[in-house]
Amino acid sequence: MAKYAAALDQGTTSTRCMIFDHGGQVVSVAQKEHEQIYPKPGWVEHDAKEIWERAQEVMGEALESAGASADDIAGLGITNQRETTVVWDRNTGEPVMNAIVWQDTRTDRLVDEFSRDGGQDRFREQTGLPLATYFSGPKVRWILDNVDGAAQKAESGDLLFGNIDTWCIWNLTGGPDGGLHITDVSNASRTLLMDLKTLDWDDAILSAIGVPRAMLPEIRPSSSPYGEVKVDGGFRGVQIAGDLGDQQAATFGQTCFSPGEAKNTYGTGNFLLLNTGTEIVHSKSGLITTAGYKIGDQDTVYCLEGSIAITGALVQWLRDNLKMIKAAPEVEELAQTVEDNGGCYIVPAFSGLFAPYWKSNARGVMAGLTRYVTAGHIARATLEATAFQSREVAEAMDADSGVKLESLKVDGGMVQNELLMQFQADLLGVPVIRPKVAETTSLGAAYAAGLATGFWNEVEDLRENWVEDKRWEPQMDAAKRDEYYKYWKKAVTRTFDWFDTEDE
């Protein structure tokens, strides 16, 4: 009798495998980082083969750490950094180049070219998305244009495209030897190629962007049995039964199953998702419309999403590029050496601005600098940038949904930072609530797999597992909050149109 559900969580900076019991508690976890490759300013790549190696390693380690075998695992769910694009040879399993990561901005000229006919919202009605460098479709086109022979091989069906979920599932289920080439609605909705209503690839958009249908995976529900793990290792024979993009998985793990429920994940970037039920709500305030999840034969549940490119990554920049701290958690200690930001604001538009602005030619700024500013102020401004960006997205959510935010469920690596969570509550003027299991992305993928294999019977069983760990109540007075926010907005405008695309 199976005792656990498992998740393979392939993120932007690391890959982990987590095993959960029936109560949604963590039984074991194994995690490994992979290399971040920056060939040019604005370009970000990963080695897809290294990611696959890390995936196999952490799966073995998590199983061993739990003292479990394949027979103990009811199902394996996959969750992944979305939009990151892999193109590989179906016969050899070799990627044609490094994966192009979601933050990468090299497709800005393609995006401008596609926008000339119909503007940035040219495909929004069908896809829920603006034309932006963020999404997978233009990345695939860039690879076909820039890798010798790739376009011809793609047309003849010898090349496969997938986001990282598809790459992992294909390899887990046999790779060149009969591997499943599939994705789910949540990941497919991030490609700029899927019609939200039909849940199928849109031929007119495929033609406009220049992506052959033969490359594309089959779109499946997010919670459904797909096939067994075929590779050697502890998981051989386990049913893969869940697939969700990381932010949708976190929404699932936070049990935001009713319209109006929202969560904010604090990771490499920040992602605020609001469940809008089975209704597709188009944003008028710079948010995107995305497929949230689809359980088996049930109707798809949609979400409004505010995507912020750089939040936790700004702390990494402080650590790796500026060498101001040695480890990410030290940023809180440094920030606590000062009372406030000293007038310093950092807008981390390293990959342009995502929601609610969608300006790919913006670049980061540090504003309000005086001789008074110290490393402590810069550390504080780094944390505050995350909270300010989240407030901008929360305001857009209010405007689009007409539902006033009552409280905010939070998760992800940065929610251990007490200073940030308090500032977030102050800035929003509502309580911020952290659950007992903060790694809700992995939990959501495990839930999807466990639901499909009968380990859990229904979503109400999952709600009972959700336990509050801590809440932060707002303490800042409104005048002070508004003053801070006014200067933030001013700093944001300084990032706009930093360069013309031709100048880049």
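**Stop 1: charged pairs**

Select R122 to begin: this residue is partly exposed, with a relative accessible area of 26%. (Buried means under 20% relative accessible area, exposed means over 50%, and partly exposed is in between, using a 1.4 Å probe and protein chains only.) Before going on, know that this is a predicted model, where local features need pLDDT of at least 70, side-chain atom pairs count only at pLDDT 80 or more, and totals for chains, interfaces and linings use all residues. Residues are numbered from 1 along each chain as its sequence is written, and side-chain values use heavy atoms, leaving out hydrogens and water.

The side chains of D117 and R122 meet in a salt bridge, 3.9 Å from N to O. (A salt bridge here is a side-chain nitrogen of Lys or Arg within 4 Å of a carboxyl oxygen of Asp or Glu.) How many salt bridges does this rule give? The count comes to 33.

Next, select K32 and E57. Their closest N and O atoms are 3.1 Å apart, and the two form a salt bridge. K32 sits in strand 3 (residues 26-33) and E57 in helix 1 (residues 48-66), so this pair ties together parts that are 25 residues apart in sequence. (Helices, H or I with at least four residues, and strands, E with at least two, are DSSP runs numbered from the N terminus.) K32 is partly exposed at 26% relative accessible area, and E57 is partly exposed at 30%.

**Stop 2: a buried pair**

Jump to R190 and E83. Are they buried or exposed? Both are buried. They form a salt bridge with the closest N and O atoms 2.7 Å apart. R190 is in the loop between helix 7 (185-188) and strand 10 (194-195), while E83 is in the loop between strand 5 (73-80) and strand 6 (85-89), 107 residues apart.

**Stop 3**

Most residues other than glycine have a negative phi, and most peptide bonds are trans. Select L192, whose phi is positive, near 75°. L192 is in the loop between helix 7 and strand 10, and is buried at 0% relative accessible area.

K323 also has a positive phi, about 55°. Find K323 in the loop between helix 10 (312-320) and helix 11 (330-335); at 64% relative accessibility, K323 counts as exposed.

Finish at A355 and P356, joined by a cis peptide bond with omega about -5°. P356 is in the loop between strand 19 (345-347) and strand 20 (365-367).
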